[in-house]
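Please keep the sequence at hand while reading.

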Amino acid sequence: YISETEAVVSTQSTGKELGTENSLSKEEIYKLRKKHVANACILFYDPNPLQIVRAKGQYMYDEDDNEYLDCINNVCHVGHCHPDVVAAACRQMGILNTNSRYLSHLNSTYSEKLTSLFPQLSIPSSSLTRDLKPQ
């Protein structure tokens, strides 16, 4: 069990924080990614990508601790690693962590609450909009 105040993910086998240990060089990581990750998953700045190792607030940091302002990952809402968001995610994952293909009151009531914030829209008919439109 991870308390709200800790909000740290640990591996059971090592007891260390997930993602903190890396013995691979940037080149080795790059080769592994090219071999095992689908080409549809675009890598920014290929063939010399940034290796981001941590983030906090609106900044991300590479393996040399260079700081980058993150203008891509929707951080304008709360920033990276916001303690309240991390704690809420830990609480929820301690109860249930699955996709939306199963029936869950959380998904349905959240969707209801979210769609109530927007005006009713007339959605044109097409296969994509039929898939996206709530029933």
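The model is predicted: local features need pLDDT of at least 70, side-chain atom pairs count only at pLDDT 80 or more, and totals for chains, interfaces and linings use all residues. Residues are numbered from 1 along each chain as its sequence is written, and side-chain values use heavy atoms, with hydrogens and water left out.

**Sheet**

Three strands make up an open sheet, ordered E1-E2-E3 with antiparallel pairing. E1 and E3 each have a single partner strand and stand at the edges, so one side of each lacks a neighbour in the sheet. On average, neighbouring strands are turned by 30° against each other, direction ignored. Strands (E, at least two residues) and helices (H or I, at least four) are DSSP runs numbered from the N terminus, and two strands pair if DSSP finds at least two bridges between them. Strand E2 (residues 59-62) is joined to E3 by three bridges. Methionine 60 has tyrosine 68 of E3 opposite.

**Salt bridges**

A salt bridge is a side-chain nitrogen of Lys or Arg within 4 Å of a carboxyl oxygen of Asp or Glu. The count is three.

| Pair | N to O distance |
|---|---|
| Glutamate 63 and lysine 26 | 3.9 Å |
| Lysine 34 and aspartate 46 | 2.6 Å |
| Arginine 54 and aspartate 65 | 2.7 Å |

Glutamate 63 is in the loop between E2 and E3 and lysine 26 in helix H1 (residues 26-36), so this pair ties together parts 37 residues apart in sequence. Lysine 34 is partly exposed, at 40% relative accessibility, and so is aspartate 46, at 34%. Buried means under 20% relative accessible area, exposed over 50%, and partly exposed in between (1.4 Å probe, protein chains only).

Histidine 80 sits in the loop between strand E3 (67-69) and helix H2 (83-95). With 17% relative accessibility, histidine 80 counts as buried.

Ile42, Phe44, Tyr45, Leu50, Ile52 and Ile72 make a nonpolar surface patch of about 630 Å². Patches are made of residues with over 30% relative accessible area and no salt bridge; like charges are joined within 9 Å, nonpolar side chains (Val, Leu, Ile, Met, Phe, Trp, Tyr) within 5 Å. Isoleucine 52 is in strand E1 (residues 52-56) and is partly exposed, at 34% relative accessible area.

How values were computed
Areas by Shrake-Rupley, 256 points an atom, 1.4 Å probe, with all protein chains shown as cover. Axes fitted to C-alpha atoms, helices over the stretch in contact; angles between N-to-C directions.
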